[in-house]
There are 2 protein chains.
Amino acid sequence: MSDDPISTSRPPVFGARRATITDVAREAGTGKTSISRYLNGETGVLSPDLRERIEAAIAKLDYRPNQMARGLKRGRNRLIGMLLADLTNPYSVEVLQGIEAACHALGYMPLICHAANEVDMERRYLQLLTTYRVEGVIVNALGVKEELLQGFTQGGIPVVLVDRTVEGIVTDMVGLDNPAAVAMATHHLVDEGFDELLFMVQPVTHVSSRRLREAAFQASLAAFDTHVVHGSTLIIDLADVAPALDELDRRVKAAHEAGRRMALFAANGPVALRVAVHLKERHGADWQAHVALMSIDDSEWAQLAGMTTVRQPTYDIGRRAVEFLHERLGGAAMAARECLLPGELVVRASTARKHNAPHISHVSEN
Amino acid sequence: MSDDPISTSRPPVFGARRATITDVAREAGTGKTSISRYLNGETGVLSPDLRERIEAAIAKLDYRPNQMARGLKRGRNRLIGMLLADLTNPYSVEVLQGIEAACHALGYMPLICHAANEVDMERRYLQLLTTYRVEGVIVNALGVKEELLQGFTQGGIPVVLVDRTVEGIVTDMVGLDNPAAVAMATHHLVDEGFDELLFMVQPVTHVSSRRLREAAFQASLAAFDTHVVHGSTLIIDLADVAPALDELDRRVKAAHEAGRRMALFAANGPVALRVAVHLKERHGADWQAHVALMSIDDSEWAQLAGMTTVRQPTYDIGRRAVEFLHERLGGAAMAARECLLPGELVVRASTARKHNAPHISHVSEN
DNA sequence: TTGTAAGCGTTATCAA
DNA sequence: TTGATAACGCTTACAA
């Protein structure tokens with residue numbers, strides 16, 4: 001199989017192993033170095049004649065340089081690890097699109113790992129990523145703790161966190177400007193005449209963005225007269241929703257009976273969907289007449305439901321994350337950066353001012 | 001940097017490059033071969049003493065074998081390419097979950113490529129995949145044509161198609177049993193008293209599953225009396241919906257005026273969503289009272305909208321695809337297989353029989 | 001302008 | 001039971 005003089009010029013045939021740089025060199029009647037030079041764009045160093053022969057040989061053998069071998073030799077393989085907690089959440093997919101576009105533009109290949117909300121998977125995937133010697137990692141996960149990321153940070157592999165910070169880790173971070181987004185939403189609700197706000201969020205432990213959003217909600221309330229605008233928080237664990245939904249019903253009922261104008265504010269898309277489904281089961285098709293619902297995350301069904309949302313700049317978040325990584329890989333050694341991008345309020349019917357709504361004024365404009 | 005006698009037993013420090021097998025060998029006071037043997041589970045060949053030393057050295061240096069180097073030497077890197085046309089479609093994400101689970105179970109690492117509905121990207125990614133020397137590919141794309149896949153098939157790299165076949169290519173294929181699924185849905189609609197069915201599908205060129213579903217719809221109609229049950233098809237191009245939506249309105253209006261009971265049947269989730277949004281804009285919040293809508297793909301918002309669907313066995317489709325690949329990689333050389341999995345009818349309010357609906361009987365039960 | 005040879009981190013072959 | 005040593009496919013001094 002090794003050296004059949006007759007078949008030296010054979011076309012790539014079925015079942016043939018891929019051509020190597022050596023095959024190409026032999027075919028072009030030159031050395032491996034020249035092929036390598038050609039591949040790496042060191043044109044001008046090659047005589048036109050040789051270049052042509054190389055081109056012909058490559059085409060003939062349908063040669064594709066082996067990235068693995070390249071990476072091994074060069075010490076970098078252009079692979080960027082991307083750990084995602086949940087692709088089921090459209091937010092993640094959108095961020096991913098930004099990441100992919102940026103990777104493509106900068107010549108990286110994203111190695112996408114989807115942990116499907118399993119902390120255990122996250123650990124395994126992080127291990128795997130180091131094993132494949134990724135040059136950097138972008139992380140949007142649930143159970144990331146300091147120790148898990150040490151393998152990277154200590155090895156000098158840059159890490160960028162998306163949508164959350166991790167205690168004890170100093171790395172670049174990209175995400176929504178939660179305080180501003182939540183404040184914008186809260187003010188919108190109050191402006192529309194709602195005076196009983198319920199912020200609904202998943203358990204905040206270990207996910208900084210949830211914590212931040214909840215805190216921002218409480219902070220926003222300070223802008224209004226406590227006697228007029230009431231605000232409270234409800235923790236909803238999507239893995240065990242029953243108790244929270246019961247509590248939700250109770251509060252909605254109480255608000256109704258007290259003659260208050262209630263608005264529910266979901267901290268993200270998945271929470272909003274679960275709550276919407278529940279409200280529909282509970283109040284029937286025109287549940288939106290009973291309670292107003294808005295959320296962070298402009299889910300695809302938001303338009304169908306006519307729900308007001310805060311749209312996150314997902315694409316830019318992804319792009320920025322890659323850019324941060326790229327800068328670090330280029331040798332930039334500044335302190336950890338935090339990039340908070342603004343959200344966009346998308347007003348729909350769900351939070352429209354009802355005809356008899358009172359006008360509520362701010363305590364202060366700050 | 002190479003041999004500092006003092007730091008031979010140093011703990012992994014910040015900025016240090018990852019330990020190699022040579023480092024571990026030195027640390028354990030043995031040769032690389034033994035380390036390699038240990039890594040590959042050739043236990044029993046190693047003396048307990050040596051094994052212990054190796055374990056200690058690995059732990060101390062936090063050593064992780066380099067998959068790239070392994071792949072280079074072994075000729076296989078456990079990488080499986082996965083080309084996805086559109087992660088925005090929940091169908092894809094669900095299939096992906098099955099794929100990931102199976103890959104994990106079988107020791108593969110999926111290299112996920114998301115073409116974001118761009119045929120051009122698909123081509124680029126396929127190139128890239130061959131460059132990374134994936135051992136197999138799972139493809140669910142838009143513009144896959146014979147030539148594009150030749151690089152793999154000719155090189156002996158197994159290919160599995162998901163949800164569609166490609167003319168001129170003989171490979172394993174996994175997907176929904178479209179004829180059965182569509183027939184089931186059609187019969188359901190007729191059973192519920194609808195007698196004017198409109199099947200809505202994206203342009204069928206190049207995507208076999210769309211073609212199959214449309215054909216199956218037409219075929220299903222044959223089971224009923226043509227004078228009683230009317231059926232027709234509407235092509236909706238999601239990149240340019242206006243004309244199709246106009247036509248849709250026209251047909252809905254006509255059916256209404258003719259006193260027919262109309263049901264819209266979307267060939268997949270994205271079409272259903274687009275149509276639902278349009279109907280809501282057109283007919284207001286209680287659009288469902290005007291037209292019945294069902295679809296293939298049990299989208300997350302289907303429950304919220306109370307829409308009847310056919311749920312695809314997405315997880316199993318993904319799992320099966322990997323298994324097919326795994327069998328080929330194990331040397332199985334049988335003819336191309338086609339695995340068609342059954343869908344599941346999820347009945348919700350959208351297609352509930354209206355009180356005054358006539359009962360329509362089949363022409364034949366076959 | 002071109003080629004030779006060493007080496008990236010593994011595994012496999014062979015000998016001790 | 002162990003360990004040199006030669007590949008794997010590529011890049012990169014260094015020579016010519």
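# Questions on a predicted protein–DNA model

Modeller: Chain A has a mean pLDDT of 91, and 92% of its residues reach 70 or more; pLDDT is the predictor's confidence in each residue, from 0 to 100. This is a predicted model, in which local features need pLDDT of at least 70, side-chain atom pairs count only at pLDDT 80 or more, and totals for chains, interfaces and linings use all residues. Residues are numbered from 1 along each chain as its sequence is written, while chains are lettered from A and ligands numbered from 1 in the order in which they are written.

Colleague: Over which residues of chain A does pLDDT stay under 50?

Modeller: Where pLDDT is low, the predicted coordinates should not be read in detail. The stretch in question has 1 contact beyond four places in sequence, a contact being two residues whose C-beta atoms, placed from the backbone, lie within 7 Å. The stretch under 50 is residues 1-11 of chain A.

Colleague: How many residues of chain B are in contact with chain A?

Modeller: On the chain A side, 44 residues take part. The number for chain B is 44.

Colleague: How many residues on the side of chain A that touches chain B are nonpolar?

Modeller: Ala, Val, Leu, Ile, Met, Phe, Trp, Tyr, Cys and Pro count as nonpolar, Asp, Glu, Lys and Arg as charged, and the others, Gly among them, as polar. On that side, 14 residues are polar and 7 charged. The nonpolar number is 23.

Colleague: Which element gives the most to the surface near DNA strand D?

Modeller: A residue is near a strand if its C-beta atom, placed from the backbone, lies within 6 Å of it. By that rule 25 residues surround DNA strand D, and T20(A), I21(A), T30(B), G31(B) and S47(B) are the closest. Helices α2 and α4 of both chains each supply at least two residues. With 5 residues, the element that gives the most is α4(A).

Colleague: Which element supplies the largest share of the surface near DNA strand C?

Modeller: Around DNA strand C there are 26 residues, and among those that come nearest are T30(A), S47(A) and I21(B). The surface divides into 9 nonpolar, 11 polar and 6 charged residues. The largest share is 5 residues, from α4(B).

Colleague: Which residue stands opposite L161(A) in β5(A)?

Modeller: Strands β4 (residues 159-162) and β5 (residues 172-176) of chain A pair in the parallel sense over 3 bridges. Opposite L161(A) is M173(A).

Colleague: What is the average twist from one strand to the next in the sheet β7-β6-β8-β9-β10-β12 of chain A?

Modeller: The sheet is open, has 6 strands and is mixed in its pairing. Within it, 5 bridges join the parallel strands β6 and β8, and L198(A) stands opposite L264(A). The average twist is 20 degrees.

Colleague: At about what angle to β7(A) does α10 of chain A run?

Modeller: Axes are lines fitted to C-alpha atoms, for helices over the stretch in contact, and angles run from 0 to 180 degrees between N-to-C directions. Helix α10 (residues 242-257) lies across β6, β7 and β8 of chain A. The angle to β7(A) is about 165 degrees.

Colleague: Is R133(A) buried or exposed?

Modeller: A residue is buried if 20 or more other C-beta atoms, placed from the backbone, lie within 10 Å of its own, exposed if 12 or fewer, and partly exposed in between. R133(A) lies in the loop between α6 and β3 (136-140) of chain A. Because R133(A) has 21 C-beta neighbours inside 10 Å, R133(A) counts as buried.

Colleague: What is phi of A116(A) near?

Modeller: Most residues other than glycine have a negative phi. A116(A), in the loop between β2 and α6 of chain A, has a positive value. Phi of A116(A) is near 45 degrees.

Methods
Helix = DSSP H or I, 4+ residues; strand = E, 2+ residues; numbered from the N terminus. Pairing = 2+ DSSP bridges.
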